[in-house]
Amino acid sequence: MKIEDLASAIEARLVVPRGSGNTNIAFVYGGQTMSDLIANAAPDVLLVTSLNNAQLIRVADLMDVPGICLVDGCEPAPELVSHARTAGTALLVSPTGLERTSLKAAECLSREKAHA
Amino acid sequence: MITLSFRIAGGDFDSAGLATRKLKDQLAKLGVDGPALRRAMIAAYEAEMNVVIHARCGTLWARVDETKLDLEVADEGPGIPDVELAMREGWSTASDQARQMGFGAGLGLPNIRRSSDRFQIETRVGRGTLIKSTILFGEAGETQAEPVVVPLGMEGSRCRSCRRCVFACPVGALRVRDSQPLLLDDLCIGCTACIEECPDAVFGIRDSAAALPPIPEGALLLIPRGFLAAFPVRSPLRVLAVFRDLGFAEVRLLDEWDESLLAEARREARSGKLPVPRIPPLCPPAVSLIESRFPSLIPHLSLLRSSAETAGEEFPLRSVFLVAACPGQYAACKRSSLTDRLTVIAPGTLKTAILAHLGALSVERESELIAGPRGTPAPGEAAASGVRGVMRALSTAETGALGEVSVLDLRLCAGGCSASPLICPYPVIAGPAWNVECRGEPAGIAARARPFRQRPGVRLDVDMAQAMLKLSQIDKEIRSLPGRDCGSCGAPSCAAFAEDLVLGRAAQSDCPYRENTP
């Protein structure tokens with residue numbers, strides 16, 4: 001599923017669009033620690049987290065993650081937005097919490113897989 | 001080999017991860033990608049963050065060659081007082097600042113360990129820490145190095161040309177030529193059939209004469225249970241006391257891991273998704289025998305590492321010495337070893353040291369031994385040991401005549417590893433005599449990343465056309481031989497002799513009956 005379509009499906013705001021590279025999302029992973037996120041990061045995974053700092057982009061960049069979704073409608077830190085633009089990592093903000101956002105995204109992805 | 005190095009500044013969260021990012025660029029230029037690159041990034045990033053969070057400064061070194069990446073991250077930090085504790089998930093001493101940023105979850109070191117094929121920590125409190133991680137550029141968890149040749153040692157001068165070994169070898173890997181044994185390395189499966197059969201002690205594990213290496217503090221010794229019965233003493237406690245004198249802090253029996261493998265094979269059989277009987281890889285030579293002579297049974301093998309391989313890798317933070325029961329087990333543990341802390345030793349090496357100590361020991365002290373006895377096969381399961389027994393069991397399994405048998409327990413030494421001729425000279429007592437109370441933690445199992453494969457055996461020629469030509473020559477030679485399979489030529493059969501003739505391993509005159517053949 002295209003990251004823009006997924007953002008729309010989970011009613012998330014697309015703060016920074018994906019630069020070059022893969023824009024397809026096949027899985028979603030929600031986590032609150034960097035170790036968890038990096039261990040589950042992959043080129044077709046959307047990371048969902050409430051962590052709001054530039055290290056998120058470093059992790060995404062190292063692991064070729066196409067996008068990150070912050071939760072609870074929080075405003076992304078300016079350096080996070082700037083790093084996301086530089087790295088070409090999509091940055092989303094969901095109005096709901098970590099669990100609900102992750103579940104909703106996972107449901108969208110599984111619905112799409114079922115239709116494929 | 002290319003060596004790269006990157007400095008890391010402690011406490012600088014803005015630049016944190018940059019060293020790993022630079023490493024990624026370099027690795028990409030070298031063509032490293034896919035899962036290997038992913039694992040390298042996790043290991044390097046976590047190690048770099050350890051420096052940023054805990055140390056004043058550090059350096060990341062990366063050494064890359066065609067087969068692997070060796071990472072070393074050294075820091076000038078406080079060191080780790082309790083490495084075992086630090087390896088536990090959820091344990092951390094990170095600052096509040098680091099925790100607020102999502103670090104300090106106590107998952108960093110476990111993440112590095114999981115992502116590495118080899119992993120090691122060296123630390124000194126007040127001085128710093130060195131983390132070593134190796135990523136192999138192949139299937140995770142299996143070394144891609146050259147296979148270790150089965151270390152069957154031979155004292156040719158002792159050979160009297162009785163040729164018993166030639167007939168005992170289940171894969172026809174031995175010949176006797178010019179009154180000397182000749183081993184075909186490509187065929188040898190590392191069992192003890194020749195060792196057991198030879199009346200002149202020609203065969204053994206190649207390094208059995210080597211001296212026992214220095215034993216570091218806290219070392220763990222892994223042995224087959226029968227090893228305790230290999231000495232002229234009345235109680236295994238006496239032998240255990242000698243282990244302590246030699247410097248081993250703890251002794252565990254490999255039988256524990258056998259039980260874990262059997263339990264996993266039972267679970268697989270119950271799942272109904274895999275062909276039965278399930279064959280747990282308890283005995284590396286038995287696995288090699290299946291790969292060589294019974295390839296149709298390869299799908300029945302549980303995709304696990306052998307008991308000894310698993311045991312040898314289960315304590316990456318300790319110095320581990322493992323007594324191999326046979327050349328095959330020795331080779332398997334050496335081949336799959338992912339840690340520098342595992343030392344595989346031949347039984348003879350340790351026996352010499354123990355016998356020297358037994359003479360001086362006068363007091364039997366209390367010792368702890370961890371393991372329980374191996375029972376008889378459970379209902380619905382079957383067990384076979386010894387070359388003949390295993391060959392018959394596999395032949396039967398191949399025809400499908402084992403019916404409802406769910407698990408097949410195979411050991412090429414008659415009586416199992418404990419009764420290997422290298423382990424215990426008294427096989428009758430090797431099994432039941434030294435049953436002891438089980439006090440250990442449940443032993444683990446470890447998945448194999450690389451599937452079992454049919455062993456190709458000896459290639460007749462690297463060129464396919466030449467190989468086919470040689471095959472037809474072998475066929476012709478077979479027809480010209482008497483077919484007695486007498487072994488006078490030093491080969492186990494006329495067919496093996498014909499192959500030897502075509503490949504230049506034998507002369508026509510080696511067959512005494514050839515002139516009389518029509």
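**A cysteine in a loop**

Tutor: B:Cys486 counts as partly exposed because 15 C-beta neighbours lie inside 10 Å; the cut-offs are 20 or more other C-beta atoms within 10 Å for buried, 12 or fewer for exposed, and partly exposed in between, with C-beta atoms placed from the backbone. This is a predicted model: local features need pLDDT of at least 70, side-chain atom pairs count only at pLDDT 80 or more, and totals for chains, interfaces and linings use all residues. Residues are numbered from 1 along each chain as its sequence is written, while chains are lettered from A and ligands numbered from 1 in the order in which they are written.

Student: Where is the place of B:Cys486 in chain B?

Tutor: In the loop between helix 16 (464-480) and helix 17 (494-502) of chain B. Helices (H or I, at least four residues) and strands (E, at least two) are DSSP runs, numbered from the N terminus.

Student: What separates the C-alpha atoms of B:Cys486 and B:Cys511?

Tutor: 9.6 Å, with the two residues 25 apart along the chain.

Student: New topic. What is the order of the open sheet in chain B?

Tutor: The order is 1-2-3-5-4, five strands with antiparallel pairing. Two strands pair if DSSP finds at least two bridges between them.

Student: Which are the edge strands?

Tutor: Strand 1 (2-9) and strand 4 (118-124) of chain B, each pairing on one side only.

Student: And how many bridges join strand 3 and strand 5 of chain B?

Tutor: Eight, linking residues 68-76 with residues 128-136 in the antiparallel sense. B:Leu71 has B:Ser133 of strand 5 as its bridge partner.

Student: Which strands does helix 2 of chain B touch?

Tutor: Helix 2 (residues 34-54) packs on the sheet against strand 1, strand 2, strand 3 and strand 5 of chain B. Contact means C-beta atoms, placed from the backbone, within 7 Å. The helix direction makes about 5° with that of strand 3 of chain B. Axes are lines fitted to C-alpha atoms, for helices over the stretch in contact, and angles run from 0 to 180 degrees between N-to-C directions.

Notes: Two residues are in contact if their C-beta atoms, placed from the backbone, lie within 7 Å.
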